[in-house]
There are 2 protein chains.
Amino acid sequence: MLFENTFPTHRPTEEDLMSESEEKIIVPVNWPKMYAKRAEGLSASAIREILKLTAKPEIISFAGGLPANELLPCKEVRKAANIVLSDKKTKCVAMQYGATEGYGPLKEYLCERMREYNVPAEVGNVTITNGAQGAIFLSGLMFIDRGTMVLVESPTYLGMIQAWTHLGAKFCTIPIDKDGMMVDLLPGIIEKYHPKIIYTMPDFHNPAGVTMSLERRIKFAEIVSAHDDIIVIEDNPYGKLRYEGEHLPPIVSLAKEHTFYLGTVSKIMAPGLRVGWMVAPKEPVAKMFQAIQGECLFTSVFLQMLVHNIFTSGAIDERILKIRNIYRKRRDTMLREMEKHFPKEIVWTYPEGGLFLWVTTPGNINSLELFKSALEENVAFVPGASFYANGEEKGLHTFRMNFSFSSEKQIRTGIKRLGLALRKALAS
Amino acid sequence: MLFENTFPTHRPTEEDLMSESEEKIIVPVNWPKMYAKRAEGLSASAIREILKLTAKPEIISFAGGLPANELLPCKEVRKAANIVLSDKKTKCVAMQYGATEGYGPLKEYLCERMREYNVPAEVGNVTITNGAQGAIFLSGLMFIDRGTMVLVESPTYLGMIQAWTHLGAKFCTIPIDKDGMMVDLLPGIIEKYHPKIIYTMPDFHNPAGVTMSLERRIKFAEIVSAHDDIIVIEDNPYGKLRYEGEHLPPIVSLAKEHTFYLGTVSKIMAPGLRVGWMVAPKEPVAKMFQAIQGECLFTSVFLQMLVHNIFTSGAIDERILKIRNIYRKRRDTMLREMEKHFPKEIVWTYPEGGLFLWVTTPGNINSLELFKSALEENVAFVPGASFYANGEEKGLHTFRMNFSFSSEKQIRTGIKRLGLALRKALAS
C-alpha cells in the first residue's frame with residue numbers, strides 16, 4: 001500500500017522565495033570557528049606558490065617534479081581505453097562501481113612485480129590508491145593521532161609533511177648523506193623520540209637525489225624489526241628509474257612485517273592516471289579497506305584497467321628503458337653543465353636515478369633570495385625550506401633541481417643562467 | 001663540485017642478506033596497538049557483506065545502488081578519450097599533474113549549471129572530488145573532530161555514516177516522512193543537541209526515496225540561516241533523475257552562505273569516472289584545497305576532461321532524458337507489482353525520482369530475517385538497519401529497494417518472489 005499514490009508537485013515561484021526571504025534573518029557562518037582542530041595543521045603549500053611564479057614561458061624551470069611531456073603515454077592510454085571500452089567483458093566493469101579492494105588483475109600483476117623483489121605478496125597485501133599521495137594520506141589516517149611522533153629524513157618529501165601535519169603528526173628528523181639516511185643515528189633517535197612511524201625514500205630520494213646503501217638498508221631493517229611498535233612507510237615512486245648501478249633490495253624485502261611499500265605509475269606512465277598502491281601486511285590492509293570505503297568508495301576501475309592494460313601489453317619494459325635513457329642524458333647534461341658553470345663553493349648530490357638533485361650553497365647565500373634573483377635570469381628551482389619538516393636552518397642554504405622535465409638544450413641554457421645568479425649572489 | 005663523481009654500486013648477494021638475517025631479532029608489529037584512535041570508528045560495512053551474498057547470478061537483486069549497465073556511456077567515454085588524447089592541446093594536460101583546484105573548463109560548466117538553480121557560483125566556489133563520497137569525506141575532514149555533533153535524517157546515507165564515524169562524529173537524528181525531513185522538529189533538535197553540521201538529501205532520498213517539499217525547504221533554509229555555527233551538507237546525487245513533477249530549488253539556492261552542495265556524475269554518466277563536486281562559499285573551499293593537496297594532490301585531469309567533454313558535447317540532455325524514461329518505467333513496474341504481490345500490511349514510499357524506494361513492515365517482521373528468507377527465494381534488498389546512524393529500532397522493520405539496475409522483467413519476477421517471502425514471514 002502506498003503512503004500516497006500521487007504526489008502534489010510544488011512549483012517554486014519567485015514570490016514564494018521573495019516573500020520569505022524578506023523575513024529571513026541571515027547570519028553569515030563564522031568560518032574560523034567552524035573548522036576541525038586538525039585544520040590548524042593546514043597551510044598553503046609554499047611550493048605551489050613558487051610553481052605559480054615559474055609558469056611564464058620564458059622561464060626555464062627546474063622547480064617542478066614532472067615527468068617529461070614527450071614521454072607521457074598518450075597513445076598507449078588511448079589504445080587501452082579503446083580496448084577496455086569496446087570489450088563486452090570489461091566495458092561495464094570499467095564504468096560501474098568497483099571494489100574498494102582494487103581491480104583484481106592489476107593487484108595480481110603488482111604481486112608478481114613484488115616477487116621480483118623477493119617479497120611474497122598476495123592480493124590481500126595490496127591496496128590501490130589515488131596515486132602514491134593517496135597511500136601516504138591513508139597510512140596517516142590509519143596511524144596518526146594528534147601528537148603522534150613520526151621520524152622523517154631531513155630533508156624529506158613535502159607532500160608527506162603537508163598530509164601528516166594536517167592529521168596531527170609531530171616530526172623528529174634524521175640527517176641523510178650521500179648514502180641516504182644516516183642509520184647509525186637511528187637507535188639514539190628512536191630511544192629519544194619513540195617514533196611510531198618512520199617515513200623513508202631509500203631510492204633516489206626526493207628532494208635529495210641520494211640512495212640508501214645496501215649496508216644501511218640491512219642495518220635499518222634490523223633495527224626496526226626489533227620493535228613491535230614501529231612501522232616503516234617506504235615511499236618508492238622512482239624505483240624503476242635507475243640510470244646506473246644495480247637495483248638494491250627495498251626495505252619491504254628486508255622488514256616485511258613492518259613495512260608499507262608505496263608505488264605509483266606517475267613516473268613510469270602518467271601522473272594523470274592517479275593510480276598508486278601500497279603493499280603491506282594483511283591485517284592493516286584489511287583495516288585500510290574500511291577507511292577507503294569512507295574516503296572515496298574505490299579508485300576508478302577504468303583507470304586501473306588502463307594501467308593494467310599498459311603494464312601487461314608488453315611495452316612497459318621498453319617504455320621504462322626509453323624513459324631511463326632520456327632522463328640519464330638529462331641528468332648527465334645537468335651535472336656536466338653545473339660542473340662548468342657553478343662556482344666551486346657550491347656542492348650537489350649525484351643521483352643514480354629518479355628526477356632530482358640537491359644543491360647546497362655556502363651560508364651567505366639564502367636560497368629564497370637566490371630564487372628571486374634566479375627568476376630575474378629566467379630560471380627556477382625550489383628553495384630548500386619546504387623540504388624540512390621542522391623548519392631546519394639548512395633549508396635556507398639548499399635547493400632542489402629537477403632534470404626530467406626540461407630538454408638538454410633547456411638544461412644547458414638554464415644552468416648557465418643559474419650559474420650567473422649564483423656568482424652574483426656569492427659576490428654580494 | 002660533486003660530493004663524489006662516481007658512486008660504488010652495491011650488489012645485494014644472497015649471503016649478504018642471509019648472514020644478517022640469522023642474527024636479526026624480528027618482533028611482529030602489535031597492530032591493534034598501532035592504529036590511530038579514530039580507527040575505533042572503523043567497521044566492515046554491513047551492506048558490503050550483504051552485497052557479497054547477493055552476487056549469485058540466480059538472485060534478482062534490488063540491493064545495490066547501481067545505475068543500469070545498459071545505460072553506462074561506454075561509447076561516449078571512448079569517443080571522449082580519443083578526442084582528449086589525440087588533441088595536442090589537451091593530451092599532455094590530461095596525463096600530467098593537474099591543479100588541486102580542479103580542471104577549469106569543467107568547473108566553469110558546473111557554475112553555469114548552478115546558475116540554472118539560481119546559485120551565482122564562480123569557479124572559486126567549486127571543488128572537484130573523487131566522486132561525491134570524496135566530497136563527503138573531505139567536508140568531514142574539514143569540520144569534524146572527535147565528538148562533533150552532526151544532525152542527520154533517520155534513515156540516512158550509510159556511506160556518510162561510515163566516513164564521518166571514522167572521523168569522530170556523533171549523530172543526532174531527525175525523522176522524515178513523505179515530504180522529507182520533518183523540519184518542524186528542527187528548532188527543538190538544534191536547541192537540544194547543537195549540531196555543527198546538518199546532512200540532508202532533499203531530492204529522492206537514499207534510502208527513503210522521498211523528496212523534501214518546497215515549504216519545508218524554505219523553512220529549513222530560514223532556520224539554518226539564522227545560525228552562524230551551523231553548516232548544511234546537501235547531498236544531491238540524483239537531482240537530475242526526476243520522473244514526474246517539477247524541479248524544486250536546492251537548499252543551496254535558499255541558504256547559499258551555509259550550504260555545501262554535493263554533485264556527481266555517478267548516476268547520470270558512470271560511477272567508474274569518479275568525478276564529484278562541491279559548491280560552497282569561497283572561504284572554506286580555499287581551505288579545502290589545502291586539505292586535498294595532502295589527501296591526493298588532485299583528481300585525475302583525464303577523467304575530468306572526459307566528463308567535461310560528455311557534458312559539453314550536446315548529448316548530455318538526451319542521455320539524461322533516456323535514463324529518466326527507463327528508470328521511470330522500472331519504478332512504475334516495481335510500484336505496480338508491489339501493489340499486486342505484497343500483503344496489505346506492507347507500506348512503501350513513492351519516489352518522484354532517484355533510484356530507491358523504502359519499505360516498512362509490521363513489527364513482527366524482522367528485515368534481517370526476511371533478507372535471509374528472501375535469498376532463499378533468490379531475491380535481495382538491503383535491510384534497514386545500516387541506514388540508521390544511531391541504530392534506531394526502525395531499522396529492524398524497514399528495507400531499501402533499488403529499481404534502476406534490474407530490467408522490468410526481472411522486477412516482475414523479483415517482486416513476485418519477494419511477495420512470497422513476505423507472506424511467509426507474516427504467516428509465521
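Which residues touch the most other members of the largest nonpolar core? They are A:Leu306, A:Val307, B:Leu306 and B:Val307, in a core of 275 residues, where a nonpolar core is a set of buried Ala, Val, Leu, Ile, Met, Phe, Trp, Tyr and Cys residues joined through C-beta atoms within 7 Å, and a residue is buried if 20 or more other C-beta atoms, placed from the backbone, lie within 10 Å of its own. This is a predicted model, in which local features need pLDDT of at least 70 and side-chain atom pairs count only at pLDDT 80 or more, while totals for chains, interfaces and linings use all residues. Residues are numbered from 1 along each chain as its sequence is written, and chains are lettered from A and ligands numbered from 1 in the order in which they are written.

**The two copies**

- The same surface serves both copies, as 100% of the contact residues of chain B recur in chain A, with contact meaning that the C-beta atoms of two residues, placed from the backbone, lie within 7 Å.

**The interface between the chains**

- Chain B and chain A each give 102 residues to the contact, and helix α12 (residues 282-296) of chain B provides the largest share of the chain B side, nine residues; helices are DSSP runs of H or I with at least four residues, and strands are runs of E with at least two, numbered from the N terminus.
- The side of chain B that touches chain A has 51 nonpolar, 28 polar and 23 charged residues, where Ala, Val, Leu, Ile, Met, Phe, Trp, Tyr, Cys and Pro count as nonpolar, Asp, Glu, Lys and Arg as charged, and the others, Gly among them, as polar.

**Domains of chain A**

- The domain assignment, which is automatic or from a database, gives domain 1 (41-72 + 317-427) and domain 2 (94-314) of chain A.
- Between these domains of chain A, 30 residues of domain 1 are in contact with 32 residues of domain 2, and α14(A) gives the largest share of the domain 1 side, six residues.

**Around A:Val307**

- Leaving aside neighbours within four places in sequence, A:Val307 is in contact with A:Leu106, A:Val265, A:Met269, A:Leu273 and A:Val275.

How values were computed
A residue is buried if 20 or more other C-beta atoms lie within 10 Å of its own, exposed if 12 or fewer, and partly exposed in between; C-beta atoms are placed from the backbone.
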